[in-house]
Amino acid sequence: MQSISGPAHAEHRAQEADHPTSQVATFDTDQPLPLDCGVDLAPFQIAYQTYGELNSAKSNAILICHALTGDQHVANPHPVTGKPGWWVTLVGPGKPLDTSRYFIICSNVIGGCMGSTGPASTNPTTGTVWGLDFPVITIPDMVRAQAMLIDRLGIDTLFSVVGGSMGGMQVLQWCVAYPKRVFSALPIACSTRHSAQNIAFHELGRQAVMADPDWREGRYVEQGTHPRRGLGVARMAAHITYLSDAALHRKFGRRMQDRELPTFSFDADFQVESYLRHQGSSFVERFDANSYLYLTRAMDYFDIAADHDGVLAAAFRGTRTRFCVVSFTSDWLFPTSESRATVHALNAGGARVSFAEIETDRGHDAFLLDVPEFFDIAHAFLESAGKTRGLADAGQ
């Protein structure tokens with residue numbers, strides 16, 4: 001698939017918001033989505049992709065929950081950028097999430113900008129883009145919408161729910177909200193609540209977007225602008241948190257970009273500067289600025305224990321879901337200490353849980369990269385859960 005460049009990017013991105021290049025489940029006014037903010041969202045739609053085939057017993061379905069800047073295009077070329085799916089390292093024939101054995105589902109979250117209803121979508125009441133008129137959403141809202149999609153697909157129990165970062169938050173919320181519908185869960189590089197530091201980084205990004213004159217109080221689509229600079233800076237700041245000092249040093253060090261001596265200017269003298277600028281500029285071509293505000297805020301609000309009188313273990317008490325919690329040693333955005341807290345709460349709730357801390361210098365983004373130990377752990381966990389689930393006897 002060829003990537004789109006120039007002004008066509010904005011037009012194609014806007015088209016994907018309402019008419020996505022994927023499957024779509026629509027829910028009319030008689031099937032509203034109740035949101036935590038007190039609003040019933042209706043009508044609305046969920047864009048999703050599937051890979052593999054659902055077996056006759058409907059027992060081999062795996063739901064992948066995407067991270068903040070991801071979408072439903074987990075194992076196929078992205079319709080806007082043309083780049084490979086964001087988790088082709090893990091999803092595909094013969095891979096841990098084996099599409100020849102499992103029925104893989106991945107949906108764009110509510111509030112996203114790739115076909116599920118969000119601030120980039122058209123408000124059916126006004127005929128214009130929702131913008132900031134879209135209600136504020138939460139991680140539980142995202143999961144509630146996903147459950148409606150799973151119902152629509154005729155699946156009662158998911159064999160597994162898998163995801164990293166914001167996707168891992170959704171995995172944990174699934175296990176709390178629908179414990180009888182999740183046979184196994186693989187939450188990766190995440191926590192049960194957002195830390196003050198992470199909220200601070202998100203606020204930095206939101207302020208960068210809103211300080212851009214082209215943001216126009218969220219009405220940039222109607223006014224024919226796009227807050228490219230602000231969203232680009234937000235992406236640059238966030239991307240730093242996805243890496244580690246060791247990874248940055250190994251990849252870039254203090255090496256110059258296409259020059260031997262400094263220019264004594266504010267050009268991108270260093271390779272790491274050029275890299276970050278590229279990350280920012282490429283991101284704005286495929287992502288909506290208002291969606292970035294909404295999804296970061298949803299992560300900030302996430303706090304499972306808050307809904308259980310501050311007792312995290314109470315959220316998981318009596319669960320029959322099998323868990324495998326994974327963290328990475330160099331992840332300072334969601335450090336291992338937060339995964340350990342999740343594991344302790346699961347143990348206290350009587351859950352079946354295994355835990356793996358993987359040694360790597362690749363930082364938070366390690367779950368998206370080629371980390372063989374992570375692949376082995378994911379594969380072994382799903383194999384074990386599959387045997388318990390009896391998938392071999394269900395036409396696998």
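Predicted model: local features only at pLDDT ≥ 70, side-chain atom pairs only at ≥ 80, totals over all residues.
Residues are numbered from 1 along each chain as its sequence is written, and side-chain values use heavy atoms, with hydrogens and water left out.

Asp141 takes part in a salt bridge with Arg144, in which the closest N and O atoms are 2.6 Å apart; a salt bridge is here a side-chain nitrogen of Lys or Arg within 4 Å of a carboxyl oxygen of Asp or Glu. Because Arg144 and Asp141 are three residues apart in helix H2 (residues 139–152), about one helical turn separates them. Helices (H or I, at least four residues) and strands (E, at least two) are DSSP runs, numbered from the N terminus. By the salt-bridge rule, the count comes to 15.

The closest N and O atoms of the salt bridge between Arg297 and Asp300 are 3.5 Å apart. Arg297 is partly exposed, with a relative accessible area of 29%, while Asp300, at 8% relative accessibility, counts as buried. Through salt bridges that share partners, Glu203, Arg206, Arg297 and Asp300 are joined into one network.

Most residues other than glycine have a negative phi, and most peptide bonds are trans. Arg216, although not a glycine, has a positive phi of about 55°, and is placed in the loop between helix H4 (196–211) and helix H5 (228–242). The side chain of Arg216 meets that of Asp214 in a salt bridge with an N to O distance of 3.9 Å; Arg216 counts as partly exposed at 33% relative accessibility, as does Asp214 at 22%. Glu217, likewise not a glycine, has a positive phi of about 55° and is located in the loop between H4 and H5, where, at 61% relative accessibility, Glu217 counts as exposed. Elsewhere, a cis peptide bond with omega of about -10° joins Ala42 and Pro43, and Pro43 is found in the loop between strand E3 (40–41) and strand E4 (44–51).

Void analysis was carried out on a 1 Å grid over the protein atoms alone, a cavity being a set of points where a 1.4 Å probe fits but cannot get out, and a pocket an open set with protein on both sides within 12 Å along at least five of seven lines, with lining residues having an atom within 4 Å of a point. Grid points were joined across faces, edges and corners, and a volume is the space filled by probe spheres set on the points. The largest pocket has a volume of about 1100 Å³. Of the 47 residues that line this pocket, Arg235, His239, Gln279, Asp365 and Leu368 are the closest to its centre. Helix H5 gives the most to the lining of the largest pocket, with six residues, and H4, H5, helix H6 (245–251), helix H7 (271–284) and H8 each supply at least two. Because domain 1 (7–194 + 303–389) and domain 2 (198–296) both give residues to the lining, the largest pocket lies between them, the domain bounds being taken from an automatic or database domain assignment.

One cavity of 30 Å³ or more was counted. The largest cavity holds about 30 Å³ of space and is lined by Val129, Gly131, Gly218, Arg219, Val221 and Glu222.

In strand E7 (residues 158–164), seven of seven residues are buried. Strands are taken to pair if DSSP finds at least two bridges between them. Four bridges join strand E5 (residues 61–65) to E7 in parallel, with Ser160 of E7 as the bridge partner of Ile62, and six bridges join E7 to strand E8 (residues 182–188), which also run parallel, with Ala185 of E8 as the bridge partner of Val161.

Note on methods. Buried < 20%, exposed > 50% of the residue type's maximum accessible area, 1.4 Å probe, protein only.
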